[in-house]
Amino acid sequence: MSKFADYNFSGQKALVRVDYNVPLNDKFEITDDTRMRATVPTIKKILNDGGSAILMSHLGRPKGGPEDKFSLKHLIKHLSELLGSPVLFANDCIGEQAHLTANMLRPGEVLLLENLRFYKEEEKGDVAFAKKLSTLGDVYVNDAFGTAHRAHASTAVIAQFFPPDKRMFGLLMESEVSSAEKVLHQSQRPFVAIIGGAKVSDKILIIENLLDRATDIIIGGGMAYTFMKAMGGKIGNSLCEEDRLGTANELLKKAAEKNVSIHLPSDSVIADKFDANANDSTAPSNNIPDGWMGLDIGENACEQFSNVIRNSKTILWNGPMGVFEMQKFQHGTKAIAMAIAASTQNGAYSLVGGGDSVAAVNQFGFADKVSYVSTGGGAMLEYFEGKELPGIAAIKG
Ligand code: AMP
């Protein structure tokens, strides 16, 4: 593979896989353009070198044919504003029109192709479809970390049609990969992983893999109560996966064997119903009264977790500590974000990833106070589960 920054794109047509799977409202307005903004440096470098950029992406989950609501044409106007230059559009990603427009593309110009998932071949990783896409460009750049865990035609299969020196990560992908590698393979100890969110079942693999790397694992959010119950606690109506009680006990046992400290919230903010206006109180997390549920970590737990975070040199955060979408139950998530920001200022390396923790740092204004905020939810989770991501492997070859 080539290094993007060292590559001269002059006179080259770069076929760039981006992840523009952005949320749109019912007027087709983009409600969060983070993923688009994140690719601007890659595209600008190609254009500034004197190359042209052919952008390909998926959007939403079309059922295998064109659907207006999933058309990438809704992104043209905003993309040209972000780039400060016009964006051409091909209403297909393969076929004659795509080819003609790509062929006529001049240095400094940008072409956006129509949704890749209008072809079911994309998600199937179809080789013939990947080959057709590959003929549009001279160089392949993968800047779609958010889809790197999928072995799709445009994210993985296509790379084989470019020689190693003509395939590479874009700048976004490069920084995603190097931040993730820094945490997983070059972490300075103490290394704390903060895992929250709703379900234990979604996070078992990541916890298992981190048991070989982290010194401390903080478990918060709804998933903490399955652990509490597994340890014999009384959790009222709190979230609990009964079929994971055994798994929770096994994880605790493995952690003890590997000398990893597991930190569970000593107390909780509890509510009498799952509602923003519920009555609230506090209780020890292992003694929640009947009819009440834990919806956030309590004040003691905030202090307990913040101490661990303050003493850490590497911090990984995935998943909120409570129902942060409701004001009454966002204090714990905010306190953890503040502790991570303070520790980062004192020299720790902090990586925040996974949809809801990213939403939380953005909402509370902490995004620029942590070392890196990942754009890839599922991809980042699978990376930390220890899986090889097809989009990364295909470029490395
Ligand atoms: P996840 O997608 O697994 O990271 O879960 C994120 C979701 O977990 C958010 O929507 C939170 O509102 C929810 N959550 C966090 N803590 C709790 C809790 N104690 N009880 C119920 N849901 C929670």
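Me: Two strands count as paired if DSSP finds at least two bridges between them. In what order do the strands of the open 3-stranded sheet run?
Reply: This is a predicted model, where local features need pLDDT of at least 70 and side-chain atom pairs 80 or more, while totals for chains, interfaces and linings use all residues. Residues are numbered from 1 along each chain as its sequence is written, and side-chain values use heavy atoms, without hydrogens or water. Strands (E, at least two residues) and helices (H or I, at least four) are DSSP runs numbered from the N terminus. With antiparallel pairing, the order is S12-S11-S14.

Me: Which strands stand at the edges?
Reply: Look for strands with a single partner, because one side of each is then left without a neighbour in the sheet. That picks out S12 (280-284) and S14 (293-297).

Me: Which residue in S14 stands opposite Ile270?
Reply: S14 pairs with S11 (residues 267-271) in the antiparallel sense over 4 bridges. Ile270's opposite number in S14 is Gly294.

Me: Is Glu250 buried or exposed?
Reply: Glu250 lies in helix H10 (residues 245-257). Its relative accessible area is 52%, and the cut-off is over 50%, so Glu250 is exposed.

How values were computed. Buried means under 20% relative accessible area, exposed over 50%, partly exposed in between (1.4 Å probe, protein chains only).
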